[in-house]
Each structure stands twice: as structure tokens, then as C-alpha cells.
Amino acid sequence: MSLLEVSHLKVSYPTRDGVIDVVRDLSFELDEADSLGIAGESGSGKSQTALAIMGLLAANARVSGSIRLDGLELIGESERGLDRLRGKSLAMVFQDPMSALNPYMTVGRQIGEVLELHQGMSADEAAKRSCELLQMTGIDEPGRRSKAYPHQFSGGQRQRILIAMALACGPRLLIADEPTTALDVTVQKKILELLRSRCRETGTALILISHDLAVLSGMCRNLMIMYGGMEMERGPSQRVLLHATHPYTAALLRTLEDLHGGTGPLSVIPGEPPDLRNPPGGCPFNPRCSEVLTHCNKEIPRPRPVRRIEGTQSHWVACHLEPEE
Amino acid sequence: MNKHGANDTVGGRSLWQNAGERLRRNKAAMFSLWLLLFFVVLVVAGPWLAQHDYTQTNLSLGSTAPSLAGGHWFGTDALGRDVLARTLAGGRISLLVGLVATLVSLLIGVFWGAVAGYCGGRVDALMMRFVDTLYAMPFMFFVILLMVVFGRNILLIFVAIGAINWLDMARIVRGQTIGLRHREFIQAATLMGAGTLTIIVRHVIPNLLGVVVVYVTLTIPQVMLVESFLSYLGLGVQEPFTSWGALVNQGALEMETAPWLLVFPALFLAGTLFCFNFIGDGLRDALDAKSDEDGW
Amino acid sequence: MLTFTLKRLLSAIPTLFLVVAATFFLIRIAPGGPFDSERNLPPDIRANIERSYHLDEPLLQQFGRYLKGVVRGDFGPSYYYRDRDVSELIAESFPVSFTLGMTALLLALLGGVTAGVFAALRRNSFSDHAVMSLAMSGISIPNFVLAPLLVLLFAVHLQWLPAGGWRGLGSVVLPAFTLALPQAAYIARLTRASLLDILGSDFLRTARAKGLSRSQAVWRHAMKPTLMPVISYLGPATAALLTGSVVIEQIFQIPGLGRYFVTGALNRDYTLVMGVVIFYGALIIVMNLLVDLLYAWLDPRSRRRQ
């Protein structure tokens, strides 16, 4: 049994303009201590998936399908049950470190809070442990710094604090939603490295979400490409990147290559992200696909396995194109 | 259902259209808007509607209760004057003071704030220092002083009350101007060589409109309240003019014997204030693009 | 913190000076003198009296004399209450106004914050709309309309509370409540807006992601930030209460400073009026200073780096 099993997840919102489906029939698994990168443009549904797993969707969200953590069904679980899981077995780090910490509370206390809540520590014990955790995430002079307030730290440091806080109780799963997007380029790599090493130390599975394939390629063992609320391709990172099967993945990789070299004009994926109020029929990518077939806008392609190679996990793609054998 | 393909562009809605739609959905605000309109029409059309002149005394009819048959729908006061006519006449003054005084504070405040915000630096610091200094002054007391000292001149009332409120307007406008100053289109206009005054008039002010409209709608009731306050203390408009505050003052004195003297002007006053406040609130919510899906 | 306090105190001085000067010159410029209402005063006696009050001196000299007095706390003799000093009158009546004002402020804070939090946590529900409509009424109904109605109900019909005067604990209730209501209403709206704003902030989301329940997250993380704007409002609230007290003291016949002010204004008791304005002005300045200090103390971002 995998650590996390998501099957046929659907998230939609009723609005004045009709029902908007932000996640449409998503399924994937993640093993213990493994890592998965979710890539996609904004609007692809990746953040909504993360929030659905955490149970932190907006009050008017409609969720269906199944999300199992260690066999426990999360959809439909009571608020109190979810509260017990969050911070302890499930943790999340959000995109903007500048506003994610309470400006009126010391950093040490904010970390200590998780410890007191889930591990029953006393205030003193929690304070001590907070210092240790700060040290482990690269904050110097943790004893003194834990009594400081968030505004006294830089963006990168705040993200370290948030990571320390998220991993404080050694959760089974950590979801990081664009954790470095708001940071300086020089700091990004360090934070990603920190994320990887700390997760390895605590045996925490990691889901890393980003719109930037370059960020994901070095970090995660598995990769899932999302578009228009659905998965396009999914599998071990090496396989997906080296043998990209879906036209969207291939197009994304082309834009990456151009950024890192080449002298021709930058390749661009023509068209615009789908309007979720009136999504295209069939495959959501079909209006922009360079290899579109006639029935692509009528039938939604179901994920099917790409040819297996022994010893590796399955590589799935949701596309009508038959692979060239 | 899917009438539009992915390549059709969905018609964009301007900020004002969005706001207008949101406002229309706000039932309390819309109701208040219509009610206010009703009040205003009544008050303005008063002289032609009321059967009696509001200054006409008729001692034989002193303090009669309201009756439809008797022709005095709101009753009469001790001097036999028709309460309906007086209420409508008082409304004219109260609303007039509200509008004019708000206009005064608007003009001073917008000018002060826009200049301070746009110029920045020492000019800004100095101008806002002045505002801060004035903030701590107990203005109401000064207005009372002014009324006592210079007599109850209606023009003075306009200016004095207007001068109380401009401080908030100045601060808000300054804040908005500073925000706007750094926005791209202002920089673009500067690059194109537009002069400072042109920029202020053509770019800064239209963008302030939203905030200003909300503020004006919320200032009018405050100003009306101040005026009624003064009238209550006997320092407001002089006879033959009357205002809702003055009428309430007189009415309160005879509350137990002739309650209609208090009730009708009070209803009109409170009702109008209510309406303005609800509309102002509605406008503020409509123009503030915050969604209501926070998961709480 | 100390430099901050000193700086604020220093910047308060020009304001106070402005208040004193404005009041003084305003009154002096006015047409008519303080003794115009005295009938049958032979001209030479009037001249004598005016001389004893230094009214014959050049204006600036009078101002200088007055200023010196103010610094010492001496506001001169009352023109109306001939054998009393203004400072005496203030000392006598201010404790009454203070009691009334403080009670009202506490009521407004407690009532307003509770109502605001209650409404915000039940956003868009019936309770929310009900509470906010009540708050709107509180702001829209002038206190001189509400007061007589409350007196009619509680004092005349139910006979639970006295209709006026200042004897015993019961006589604080109605005036304090009437005085507090508009402020409570405003504070309720302010609190609700502030809390709603905080509820949408990122750090609340982090708190929930940590496993805090909804109420835990609100109490531990949202309350303090929510109350900051309310604290800022205490300064203007005090000013508004002082203003409102003028009318309330009239209606309920309370022997406070506000009532002296009105009587003084109507009787052209210049020194009394000036004294009250300056006193209230100083009070508002001090209150604003205290509020600023409190705010700075509570806001970690304003403290010096450790």
C-alpha cells in the first residue's frame, strides 16, 4: 500500500458563472519517503490538489473522489480528525514566506506551537526543541533568534523557519507549493537542497509543486505534469523527461531547452490556458496541441501506461496519440 | 452549455461595471438607495406637496395630534404649525448642510491630500504634519465656539462643519495618491512629458474617484449629525429656518405630551442617516475586489 | 521607546499651543464682550470691571498673560461664576465627566469587540446581518434622539433607573450606555472588518495547516492583530466621547464639565469656555499619546531590533 493514494479526485466551485472544475479526475500514488514533483501552469489545478489533500480548500469547494493517507480516507473526514493529522502527519509549506508567519508572535513560539499541540510538550521543552529545529534548517544562533519576530528575518530565512515548522513533528507527507518562487534566485537552490535533505532525514515523503520544470527535475524521483485540472503525463522523472510522450510535456521541455541554449527564436506554446468556466471538450490541451487529432476535442483521454521497462515504476500518459513503437 | 470555444474571448467587464453589479446585488444598499431617493424627492418637493406653509402659525390649532382628516398629517406644534411641512422644510436644510459641508471638506481634503501625496518629500511631510497637529484638536468645541461667537450664520455653519472633516479625506487621498504615483501608467504619462498638474487632474483624480465616492457617502451622515447636534444645543440654524436637529430638540421637550413632534423628524433624520451609511458601506464593499471564499 | 515618547510629547506642544492660541484669539475677535449681557451697568463701572479683568490691555499682552497662567494651570476667574476660578470649576466637575466617560469607553470596547468578533465569525449569516444592522442603527440614531426614548422607557415607564442627576450607581447606567452606543457600534464594525481581513491572511492559513482548529487559530493568532486597529481608534473614540458628553450631560442633568461648557458658551463666559477647550484638547493629546505608546509597545515591528 502506498503512503498516499489519490483516486478520481474532483474539485469544483459553484460560481455565478456556473460550476468551475479546477481538478478533473486526478489519480496518482506516492510511496513512503518518496518524492513527487507536480508541474503545470497556473490554473492547472496543482495548488488546488495540494489544498484538497490538506483539507484546506475554501468553504464552498465541492470535492469528490478519494484521498487516502496510510489507508485513512481524508475526504469526508471530520474537521477534528483533519486537525489531528495536519502538522503531525500532513504538512504544507506555502509560496510566500513573507506573509506566512504571524508577525505578532516570536518565531520560536510559532514552531513550539506545533510541538505542544501534537507531541504534548511543555512550553519549555517545545522552546528547546524549536531551537534545535532552527539550527537544523540553517538558522544561526538559534537560541537568540528564536525569540525574534518574523520581520527580523529575510525571505529565505523565513522559508527555512516554515520548513522547520512543517517538519517539526516528522510528518509522513510534506507538500511544498512553489516554495522558492518568491525568493531570490541565489537563495532558491539552497532552500530546495534544505528541503530535500531534511525530508530525507525525517523520512518524509515530499510533493513539490512548481511551474518550473527545471526546479523539479533535480529534486523529485517522480514527476506529474498537469494541465487544465487533469494529469497529462506521470512517471519516474528520468523517464518523463527523457522520453516525454505527451505533446504538452514535449513542448514544455522545448521551452526549457531554449532558455538554456540555442540561438533560434524562443519556442512558445501557442494559445492560452483554458477558461475553466468553459473548458474545451475532450482533452483540455487540444486547442494548443501541435499533434492534435480529430477526436481529441470529443473524448477525454484516460491515462494509459507507456511501455514498461523492467525494474522501473509505471509511466502513464493521457493522450490519444498512439506511441511509435 | 459550452457555447463558446476555447478561442473565443470572454467579454471583459470594467472595474466600474463589476462594482455596479456587486452593488446591485446588495439588497440593503439598493433598498437604502431607493428610500433615500424617496426622502430627497419628498423633501425637495415639500413646498408643493405640503398643504400648509411651514412658517404659518395657527394658535387655535396648537399641538394637535396627527390626523388624515384634519389636514395635518403629522400633527401640529405648540404654535399650530404643520409638522409635516416643518419636517420637510427641516429636511431641506439638513440635507443642504450635509451636501455643502461635505463638498467643502471634499474640496479641501482632496486638494490637500492629492498635492501632499503627489509631491512627496518635504512638502508632503510638512502638509501631513499640519494634518496631524489638527487631528488632536477638539473640533466640535471650536465649532460651538464659532457659533456662539459669530452668531448662527448658515454660511458659517457650512464652512465650519466642512472644516472638521477634511482631515480624514486628506489622509485617505494622500494614501491613494502615493499608491498611484508608483503605478506604471503614471510613470508612463510622466515619460510622455505630461506636466504635474495635468497628471494630477487627468490620471490621479479619476482613480481616486472610487475611494472618494465612498467617503463622501459616509461623510454626509456625519456632517448631518454634527449639524443636528449643534441645532440640538440651540446653536444651529436660526428661525425661520429649521432643521431636523432643531425639530428633534423641540420635540424632545414635549415628548410625553406630544410625541409626534419628536417621532417624525427623528424618523426622517435617523432614516436618512441609515440610508447613507448603508449605501456607503455597499459602495465600499462593491469597489473592494475581495472574494468571499476564504475557507472559513 | 523613551526617545519615541519624548518625541511625541514634544510634537504635542505645538498642537496645544495652537489650541490655546486659536481659542483665545477666536473669543477675543468676537463681536461683543463678556459683559454685554449685563443690563443696567453704568459705563464707568463696566470700565472698572473690564480693567480688573485686564480687558483694556493690548491683545498680545493679554495673550501673554493668559499663556503664563495656563502653564501654571491657572485659567483665570470665571466671568459668569464671578467668585470661582475656572480651574476650580474644572477640578470640581471633571471627575464626574471622567467617570461617565471611562464607563462609556469600557462599555463601548467590551460591547463593540464582542459584537464584532461574533459577527465576523458568522459572516453573512443572519446573526451577522442582525448585529451589523444594530450597529448601523447605533451610528445613525443621534444620541439626543435615543436618550429621551430610553429615559421614557427605563425611567418613566419601567422605573428601573433614574431619569437624570448624579446620585448613586444607577444614574451612571443610562447616560453611559447612551454615550457608549455610537462608539460601540463603530468599534463593532471596525472589529468585524479587521477580523475578516485577518481571517483571509496567509499566517492564518499556516496556523490551520499546523493542525490548529478553527477556534484555536482564531484565538491564538487572529485576536491580537485584529485588535490593533481598535486600539488605534481609542484616541478618536475618546474625542468622540468628550464631544458626545456635552449633549448627554445636558439631557441627563449631570454636573460634569460638558454641561459647564455649554452653559459657559451660551453665557459668554469666555474664560470658562477657553479653559474647558484647552483642558479637553490637552486630554485628547495625552490620550492619543498613550494610545500611540500602547500600539508601539504591542507591535513587534516598531520595537528596536534585538
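In this predicted model, A:Ile175 sits opposite A:Ile207 of strand S8 in chain A. That pair belongs to a stretch where strand S7 (residues 173–177) and strand S8 (residues 205–210) of chain A run parallel, with five bridges holding the two together. Zooming out, S7 and S8 are part of an open, eight-stranded sheet in chain A with mixed pairing, and the strand order reads S6-S7-S8-S3-S9-S10-S12-S11. At the edges are strand S6 (90–93) and strand S11 (304–305) of chain A, each of which pairs on one side only. Helix H6 of chain A (residues 155–166) packs on this sheet, where it touches S6 and S7, and its direction makes about 175° with that of S6(A).

Take A:Leu174: setting aside neighbours within four places in sequence, its contacts are A:Ala91, A:Val93, A:Ala166, A:Leu167, A:Cys199, A:Thr204 and A:Leu206.

Then there is the meeting of chains B and C, a contact that draws 31 residues from chain B and 34 from chain C. On the chain C side, helices H1 (2–29), H5 (126–140), H6 (143–157), H9 (214–251), H10 (257–266) and H11 (270–298) each give two or more residues. H1(C) gives the most, with eight residues. As for make-up, this side of chain C has 27 nonpolar and seven polar residues, and no charged ones.

Technical notes. Residues numbered from 1 in each chain as written. Chains lettered and ligands numbered in written order. Predicted model: local features only at pLDDT ≥ 70, side-chain atom pairs only at ≥ 80, totals over all residues. Pairing = 2+ DSSP bridges. Helix = DSSP H or I, 4+ residues; strand = E, 2+ residues; numbered from the N terminus. Contact = placed C-beta atoms within 7 Å. Axes fitted to C-alpha atoms, helices over the stretch in contact; angles between N-to-C directions. Nonpolar A, V, L, I, M, F, W, Y, C, P; charged D, E, K, R; others polar.
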